[in-house]
Amino acid sequence: MNAPRNLAFHLAPSPGVIFGCLLPAPWLGMVAGLLLALGPVEGLPHRFAPLSLSLVHVLALGMLLPVMLGALFQLFPVLAGVPVPATRWLAPWVAPCCVGTVGGLVWGFLGSNPTGFILGGTIATIGVGSVVIALVVAGWQVIPTNASTRVLRWIAWALLVTVLLGAALAGVLAYGWGLPLRSVLDLHVAWGAGGWLAVLLAGVAATVLPMFWQTPKLDARLSRLLPGLIWLPLALGLLELAGLPAPWRPLCWLALCLLASLLLYAALKAKRKHDVAWPLWGIAALSWWLAAVLGLLEGMLPADWPIAWWLGVLILVGGAVLPINAMLGKIIPFLVWLHLRRQLPAHVRVPAMQTLLPPALQWIQVMLVLFAWLCLLMLPIAPARLALPAGLLFAASQASLGGLLLYVLSRYLQLAKT
Amino acid sequence: MSDAITRLIYQHHECDDLLARLEAAVQQRDLCTGQRYFHEAEQAMLAHFELEETILFPAFELATGLLHGPTEVMRDEHYAMRDLLENCRSLLLAEDYAALQAELDTLFIFIQQHNAKEEGVLYPMCRAHIGDLGALLAHTHASCTT
């Protein structure tokens, strides 16, 4: 039978469970901004500067990972009819585990302290690892019918590989494990940014872009390319750990370039460009495309160009923070609206989503985060001078999103009481 | 996906298109065009709901025995969309464009998540469980258009 077994709406997690994963995200983004503004700028914009490494992990693990896991807890039952096992028990630990992991790693990077890596690696392996196992189990039951469900079926494996490679790196840094550091590092970054982040975003975008912004739907034949398009070159890369070199890096960039081109095409063809969050998707698609082109051309560009910094900003801020900001601005008001509809008496009119989160306020947040993205890209011109304004701008953009979402929740509590 | 299901999905796209045109007209404060697209969108949506509620859902419930499962959720969401359409109609008559735009945004997003569930989960289940789905819906389509 080629159909899901049940919609399982009754097994979908409560909004409170999902909010616990989503709402801390902007505040962790604010922490990343403050860290850049106030942290030690020595070595910036080099990728191995302690501050660069700390920022990458605060953004990727502290801000983005809880949101993506929270989204998966919701997407599995709603899109695939399969609830994630033990969601009720696991979800409340997602944000604390991610924050704990980040805390350990930042302590390790900024303080050059191996204990930090041991702490971060242990929390990630146990905490995030438990969620990954639950997602693998849920994924196994998903019957793939489109790009999104195909990604849901397999995505946990990419996170598993990323976590294992990250734990191996922590082992190298803390205990001096005899592993090929460069290969493990490159594969950890590639599986995290490409195998996990890009594939999950592409899978989610295949559903939410046509839904919220009325973009053309991904062609069924192209949708079958996910996740293999990105994963095959990445799997080839794993051979490097066994001492078998393979040209996986350019193949990965090529695959990413194709995916980014599709995303860019979809964003440009959106019928609801008037929506306040649409520019975030447009710039996100452009960021992925620029990152892929930069990655492909890296060997031909001058060695002193800050390619790694640009790649980090384009992928993590442009490619991930922007669409996640766009999604948070839609999903939280929508979940609140749904909850109000269930709670309020039938004769009471539920306020429109735009009443809960006014577009004029959201527009200010969108402009702030786009300006921060631009400042972060320009940071290598004068790192010591631009770190403070770029960091503060990014912190302000995320704090304003966090504030807006708290405003939505306060409106909910106020209305639910009436 | 069977032709019958493809036709249902096509109806979703038709409604989306009409709503997008309606939103554009409202943004331009074009009352005449807005009223025309609202009327077309409302007719198309209500006809689609009726087809599902009177033919498709009962056939699914009969075939699976699931009376309080997905179809109950879909029916409830249809009621919510009818309410939102009613609100939009009042706001259109009052020419309250800002409030109408906000209400249309909510309606649009609500419809999209509803359609995603139908197209991704319920319709494939219908296709798997209802033996004569094509004939059932073809007959209805014929009677709807006459």
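Contact here means heavy atoms within 4.5 Å. By that criterion, residues 24 or more positions apart account for 76% of the contacts in chain A with a separation of 6 or more. The model is predicted, and the values below are computed from it.

**Overall architecture**

The secondary structure of chain A consists of 15 helices and zero strands. Along the principal axes, the C-alpha atoms of the chain fill a box of roughly 65 × 55 × 45 Å. A compact globule of 418 residues would have a radius of gyration near 22 Å, and the value of 21 Å for chain A agrees with this. Of the 418 residues, 58% are buried.

| Helix pair | Residue ranges | Axis separation | Crossing angle |
|---|---|---|---|
| α1(A) and α4(A) | 15-22 and 87-111 | 8 Å | about 25 degrees |
| α7(A) and α9(A) | 181-213 and 228-238 | within 10 Å | roughly 165 degrees |

The axes of α7(A) and α9(A) cross at roughly 165 degrees. Since angles over 145 degrees count as roughly antiparallel, α7(A) is roughly antiparallel to α9(A). The crossing of this pair is left-handed. On the α7(A) side, the contact is made by A:Leu187, A:Ala190, A:Trp191, A:Gly194, A:Gly195 and A:Val199, while α9(A) contributes A:Ile230, A:Trp231, A:Leu234, A:Ala235, A:Gly237 and A:Leu238. By class, these residues comprise nine nonpolar, three polar and no charged.

Helices α1(A) and α4(A) pack at about 25 degrees. Angles under 35 degrees count as roughly parallel, and α1(A) and α4(A) are therefore roughly parallel to each other. Their crossing is left-handed. The contact involves A:Val17, A:Gly20 and A:Cys21 of α1(A), together with A:Thr87, A:Ala91, A:Val94 and A:Ala95 of α4(A). In this contact there are five nonpolar residues, two polar and no charged.

A:Leu197 belongs to helix α7 of chain A. With a relative accessible area of 4%, A:Leu197 is buried, the cut-off for this class being under 20%. When residues up to four places away in sequence are left aside, A:Leu197 touches A:Leu64, A:Met68, A:Gly192, A:Trp288, A:Ile315, A:Leu316 and A:Ala320.

Note on methods:
Residues numbered from 1 in each chain as written. Chains lettered and ligands numbered in written order. Predicted model: local features only at pLDDT ≥ 70, side-chain atom pairs only at ≥ 80, totals over all residues. Heavy atoms only, no water. Axes fitted to C-alpha atoms, helices over the stretch in contact; angles between N-to-C directions. Helix = DSSP H or I, 4+ residues; strand = E, 2+ residues; numbered from the N terminus. Parallel < 35°, antiparallel > 145°, perpendicular 65-115°, else oblique. Left-handed = near helix turned anticlockwise from the far one by under 90°. Nonpolar A, V, L, I, M, F, W, Y, C, P; charged D, E, K, R; others polar. Rg over C-alpha atoms; globule rule 2.2 N^0.38 Å. Buried < 20%, exposed > 50% of the residue type's maximum accessible area, 1.4 Å probe, protein only.
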